[in-house]
Structures are given as C-alpha cells and as structure tokens.
Amino acid sequence: MDNSKDLQEVIIERLNLSREMTEEEVMELIDEQIQLESKKRYLEVSIRERCRKEIFHSIRQLGILQQLVEDPQITEIMVNGTQGIFIERKGKMEKLAICFDSAEKLKQVIWQITSKCNRVVNEASPIVDARLSDGARVNVVLDPIAINGPILTIRRFPPDPITMEQLLSMGCLSEECKEELKELVGAGCNILVSGGTGSGKTTFLNVLSKFIPETERVITIEDSAELQIRNIPNLVSLETRNANVEGCREITIRDLLKASLRMRPDRIIVGEVRGKEAVDMLQSINVGHSAMTTVHANSVRDVVSRLETMVLMGMDMPLSAIRRQIASGFDLMIHLGRLKDGSRRILEIAEPEGILEGEVNMRTIYRFEQKGISENGRICGDFKKIGELKHVEKFKMAGQ
C-alpha cells in the first residue's frame with residue numbers, strides 16, 4: 001500500500017490521547033481505516049495484513065525495528081540515526097537495507113522505549129540506559145551529542161536464559177568445572193566475572209545464579225534490570241534512576257549497594273561494577289556478605305588494576321590496602337572472551353591467592369587453550385584444569 005504513511009497519520013490523529021488505549025482498540029481503529037481505504041480501491045489480503053502490521057508497529061511498538069526485535073537470531077541492533085541500521089546475527093555484523101525516514105520517527109521509538117521503563121531522555125539529558133519489556137538492554141545517545149543523529153543500540157538476550165547444560169554442549173567448560181562452580185556458588189563464595197563488551201558476562205551471571213540455594217534472600221542491583229533469575233522466591237530487584245527536571249535526584253549503584261546491606265541479604269548480585277561503587281562492593285565482601293558481580297577487563301590479572309582505579313575514584317586509599325581487600329574479598333575470578341569467530345568462551349578461571357611482592361597473585365584453576373581453526377572457521381581448543389583451589393574454608397563452613 002503506497003499511502004500507508006498517510007493512513008498512519010490519519011489513525012494517529014484519531015487516537016484518543018486523553019486515555020490509555022488497549023492494543024485491541026488500536027487494532028480496531030487500524031482495521032476501520034484500512035476498510036475505508038479498501039472501498040476506494042482494491043487491496044489484496046496480503047497487502048492489508050502487511051499494512052495492518054506495519055501501522056500497529058509504528059504506533060504502539062518499535063516501527064521498523066519490531067521485526068528485528070522478534071528475530072531470535074539477532075543479538076544486537078544498532079541504529080545510526082537515519083544513516084543506516086546494523087545488526088549482529090550469529091556473531092557476524094551486517095548492514096540492513098532499511099532505515100528510518102526521519103530523525104523524528106526514530107525519536108518517537110526512543111521515547112516509547114524510555115517512557116515504559118520510567119526513563120527520561122532529551123536535550124538536557126541526552127544519554128540514557130533503558131530496557132525493553134523482554135529485558136533487552138537499550139542505550140540511547142541523542143543529538144547534538146551524537147553528531148550523526150539519534151543513536152539507538154539494543155542488545156537482546158535469549159527469551160529463555162542459557163543453561164549450564166547448553167554451555168557444556170558447546171564446549172565452554174567441562175563437567176568437572178561445572179561441579180566445582182556449583183559447589184562454590186552454593187557455599188556462598190564471592191565471584192567476579194570479567195570480560196570485554198559482548199563477551200557474555202551477564203549471561204554467565206545468570207547461569208551461575210541457578211546454583212544459588214532457593215532458601216536464600218537475593219538482592220540484584222543493576223543500571224537497567226537485565227538479569228533473569230527465576231529460581232529464587234525471595235528475590236529483590238533494584239534498578240538505578242537518572243535525575244530529571246522534575247526534581248527527582250539520581251539513584252546510583254552505590255546508593256543501592258548501601259541500601260541493600262540493610263535489607264538482610266544472603267547474597268548480593270551487582271550487574272556491573274564500573275565506578276565509585278567498587279569501594280562499597282569491596283567493603284561488603286570483606287565484612288561477611290556474599291556477592292557476585294561483573295567488571296569490564298581484558299584478563300583476570302587486569303581486573304585488579306581496574307578495581308584499583310575504580311576504588312580510587314571513590315576513596316583515597318593506599319594501593320596495598322586495596323590489593324589486600326581484593327585478594328581476601330574475592331574467592332574466584334572468571335574471565336570470558338569473545339573470539340574472532342564470534343563465539344564466546346570461558347578463557348580462564350583463577351583464584352586470588354594472596355599478596356606476592358606487593359601484587360595480587362593469581363592461581364589459574366582452568367584455562368582455555370586454543371588449538372586451531374576448523375574447516376567451517378570455528379576456533380578449536382581444550383578447556384583444561386591447571387591447578388587446585390587453595391582456599392577451601394567456605395566449603396568447610398558450608399558443610400561441603
């Protein structure tokens with residue numbers, strides 16, 4: 001239908017904006033307008049259905065992005081203003097032939113997303129993190145900060161969280177490693193998951209959460225709620241809030257961490273530590289709280305310097321004191337990586353062994369050793385056990 005855009009404008013004008021219309025009411029209105037149009041000229045059934053779907057997506061959902069969001073093979077959607085839309089499918093980047101007609105239409109989609117999760121994005125606050133109803137992560141940067149127009153990035157997660165069994169079938173770890181991780185999580189060990197962007201840190205945190213005993217009270221803290229923890233009845237999910245022009249002050253990860261300590265947690269899960277909240281995280285795990293979190297880093301050894309930098313952003317402390325807290329606070333560090341073939345793997349699991357010559361000494365427990373590349377371009381290798389855990393006090397206290 002060539003004039004579907006005109007139809008969309010007519011339908012928007014007829015919408016009753018004084019109240020919230022249901023999806024059924026909007027669909028009835030669309031059907032009515034299409035019926036009126038069909039009396040003017042012949043419209044095939046396939047054209048009617050396509051037009052009906054496109055208009056509904058434009059009005060109540062994500063417009064041309066809706067079909068991408070519904071595609072389970074797409075893990076990332078990147079909208080570069082009106083200049084193009086890129087996606088990541090099966091680990092490969094590709095540019096699509098579709099794009100938004102105008103920056104205004106793209107902004108309408110952005111405002112739909114942010115309003116549904118109580119976030120505000122405008123010229124005064126042009127950068128925001130949000131989420132879709134299915135838990136997909138959304139990042140928005142508006143012009144003029146983004147020179148080439150509104151930038152929208154959506155990272156999608158599987159509707160059903162990946163399980164440890166799936167990771168085993170993909171060769172990401174061994175059965176022996178799985179059993180050790182199960183015991184570590186069950187014993188309440190403090191675990192840090194590191195890796196680069198898109199390496200699967202949040203996904204792996206979800207997998208580890210399956211091993212948390214159902215009797216525990218778990219508190220999750222995130223910028224945008226993404227974790228999919230479904231096996232814990234006593235679950236509290238906290239989310240940060242941006243400041244807005246109405247006078248609501250910003251609520252940070254650090255604020256939520258401090259609040260969580262007064263909520264009688266058995267375990268605290270922080271989606272990602274990236275700033276001053278590293279101070280509160282280290283202090284909490286060094287006074288008896290059990291926690292799991294993620295950090296951006298290039299290796300388990302780089303995690304230490306990343307944490308040092310973040311702690312110094314929030315408090316002036318001697319490096320020796322920070323390192324002692326890292327070594328005594330975290331029981332295990334798991335590093336994930338995204339390989340050149342697009343696959344995500346556990347590259348190393350290490351235990352902070354203590355301080356040696358002023359540095360945090362790491363004992364490697366498991367390591368992925370690359371062997372070569374298969375005929376279909378996949379990277380091959382073995383996930384091997386290198387050493388044994390040295391500190392097993394928590395296992396004994398947990399009766400394991």
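User: What does helix 5 (residues 103-116) lie across, and at what angle does it run to strand 4?

Analyst: Helix 5 lies across strand 1 (74-80), strand 4, strand 5 and strand 6, and it runs at about 60° to strand 4. Contact here means heavy atoms within 4.5 Å. The axes are lines fitted to C-alpha atoms, for helices over the stretch in contact, with angles from 0 to 180 degrees between N-to-C directions. Helices (H or I, at least four residues) and strands (E, at least two) are DSSP runs, numbered from the N terminus.

Before we go on, a word on the source. This is a predicted model, where local features need pLDDT of at least 70 and side-chain atom pairs count only at pLDDT 80 or more, while totals for chains, interfaces and linings use all residues. Residues are numbered from 1 along each chain as its sequence is written, and side-chain values use heavy atoms, leaving out hydrogens and water.

User: How do you know which strands are at the edges of the six-stranded sheet?

Analyst: Look at the order first: the six strands run 3-2-1-6-5-4 in an open sheet with antiparallel pairing. Strand 3 (92-95) and strand 4 (127-131) each pair on one side only, which makes them the edge strands. On average, neighbouring strands of this sheet are turned by 15° against each other, direction ignored.

User: What makes strand 4 and strand 5 a pair?

Analyst: Two strands pair if DSSP finds at least two bridges between them. Strand 4 and strand 5 have five bridges in the antiparallel sense, so they meet that cut-off. A130 has V138 in strand 5 as its bridge partner. The hairpin of these two strands has five residues between them, and there G135 takes a positive phi near 95°.

User: Why is the pair of Y366 and F383 called stacked?

Analyst: The structure holds one aromatic pair. The ring centres of Y366 and F383 are 5.5 Å apart and the planes meet at 5°, so this pair is stacked. The rule is that rings of Phe, Tyr and Trp (its six-membered ring) pair if their centres lie within 6.5 Å, and planes under 30 degrees apart count as stacked, over 60 as edge-to-face and the rest as tilted. The pair links distant parts of the chain, with Y366 in strand 14 (residues 359-373) and F383 in strand 15 (residues 379-385), 17 residues apart.

User: Are Y366 and F383 buried or exposed?

Analyst: Buried means under 20% relative accessible area, exposed over 50%, and partly exposed in between (1.4 Å probe, protein chains only). Y366 has 2% and F383 has 13%, so both count as buried.

User: Why is helix 10 (residues 277-285) described as largely enclosed?

Analyst: Eight of its nine residues are buried, so the rest of the structure largely encloses helix 10. Among the buried residues are M281, L282 and I285. The cover includes helix 9, strand 10, strand 11 (291-296), helix 11 (300-314) and helix 12 (319-329).

User: What makes R264 and E357 worth a look on phi?

Analyst: Most residues other than glycine have a negative phi, and most peptide bonds are trans. R264 has a positive phi of about 55°, and it sits in the loop between helix 9 (253-260) and strand 10 (267-270). E357 also has a positive phi of about 55°, in the loop between strand 13 (344-356) and strand 14. R264, at 56% relative accessibility, counts as exposed, as does E357 at 80%. For the peptide bond, D143 and P144 are joined in cis, with omega about 5°.
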